[in-house]
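Reader: Hello! I would like to learn how to read surface patches and paired strands. Could we look at an example together?

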Amino acid sequence: MKQFYIFILAIFFLVDLSAQDKHFSQFYSSPLTLNPALTGAYNGRYRFSTIYRDQWRRVIDSPFRTFATELDVRFKVKSNSQYKDAAAVGLVFFRDKVSGIDFGTQQIAISGAYHKGLDYDNKQFLSIGFQGALSQRNVNYEQLTFGDQFNGLNGYTFDTDEDLPINNFSYGDISVGINYAFTPKARRSFYAGFAMHHVTQPDVSFYRDEVDADGESFAVEKLYARYSTQLSAELPVNDVISFLPRVLVAKQGPHLEINAGTNVRFMLNDYSNNSFYIGGWIRPVGNEENSLGIDALVLMAGIQKGSFLFGMSYDANFQDLTNYNQGQGAFELSISYFGDFENDSVLCPRF
């Protein structure tokens, strides 16, 4: 049965690559992959973040593994204006791996953003960001077998006559974004952002240089542009408890995904930023053929200790909730560190 899963995954990844894209349940823990405008959108000098996702561990021998790490640095812009504008640059490394068929996607990206103050009290900022990336995809054909390799007795030992394309290629990618942050007072804030990824819709097919009847080359499989909207807030209930509602709506080609829910923040003391977080949200998905349905229930817990922020989450696949112990969930772990952190206000939501 596990060999059957691997075969199905091989067909999926080699034929329908357009569906493969960055995906994290703790989307605000990987801000540079969420929206380029969030580069440097925090109060501090620099930020280092890393996140790891492990999916379908109990279904296949080698699960899907997704990893991203990023570093961004914020600079104050000197001017005669009373507005405290800032600029930022960031570097992102992303890797997605399906070990069963040894299919991988790697990407390195450089981000830049400008944060324009909208009032003298520095309670409102409008941020614009840009990201340029170089991506690489590869697959190891030695992990795949075909019918003509079967020796008729005890294994797949013959050579294959399959006409296989090149197993490694690279392509450029561009993303842009905008974000609005409003912090009327400490522990009360509102955020709204919009991002467009894959602006140029690059060709992501392993079959390169295809030619039509007129001798013109054409893209075999374009990566759909992805449009996303992010809405979030921090709403204090009292001196200890705050609600952090989160909504992410993403549209890519015929596919639609929504993440909606809330985290709850518990302040551990009055004189520092130490906090404990718990939360949950649901993920409806749909496409042009199927109506919107619940894909997963996400549960999350995290802790902030000084400049460190730790988060853990688990995606309980909706089918797991109706079919006992299928093991189709996903686990995520995130760590962030803020250098020269200022805790009086924030420009970027967390978790």
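Author: Gladly! L268, F276, I278, I303, F308, F310, M312, Y314, F331, L333 and I335 make up a nonpolar surface patch, with about 910 Å² of accessible area together. Strands β13 (275–286), β15 (308–317) and β16 (330–339) each give two or more residues to this patch. This is a predicted model, where local features need pLDDT of at least 70 and side-chain atom pairs pLDDT 80 or more, while totals for chains, interfaces and linings use all residues. Residues are numbered from 1 along each chain as its sequence is written, and side-chain values use heavy atoms, without hydrogens and water.

Reader: Which element gives the largest share of the nonpolar patch?

Author: Strand β15 does, with four residues.

Reader: Which residues form the negative surface patch?

Author: Patch residues have over 30% relative accessible area and no salt bridge, with like charges joined within 9 Å and nonpolar side chains within 5 Å. Here the negative patch consists of D148, D159, D161, E162 and D163. D159 sits in the loop between β5 (124–139) and β6 (168–185), and counts as exposed because its relative accessibility is 71%.

Reader: How many bridges join β1 to β2?

Author: Strands pair if DSSP finds at least two bridges between them. Antiparallel strands β1 (residues 46–55) and β2 (residues 64–76) are joined by ten, with D54 partnered by R65 in β2. R65 also has a bridge partner in β3, K97.

Technical notes:
Accessible areas come from the Shrake-Rupley method with a 1.4 Å probe; for residues, only the protein chains shown count as cover. A salt bridge is a side-chain nitrogen of Lys or Arg within 4 Å of a carboxyl oxygen of Asp or Glu. Lys and Arg count as positive and Asp and Glu as negative; His and the chain ends are not counted. The place of a charge is taken as NZ of Lys, CZ of Arg, CG of Asp or CD of Glu. Buried means under 20% relative accessible area, exposed over 50%, partly exposed in between (1.4 Å probe, protein chains only).
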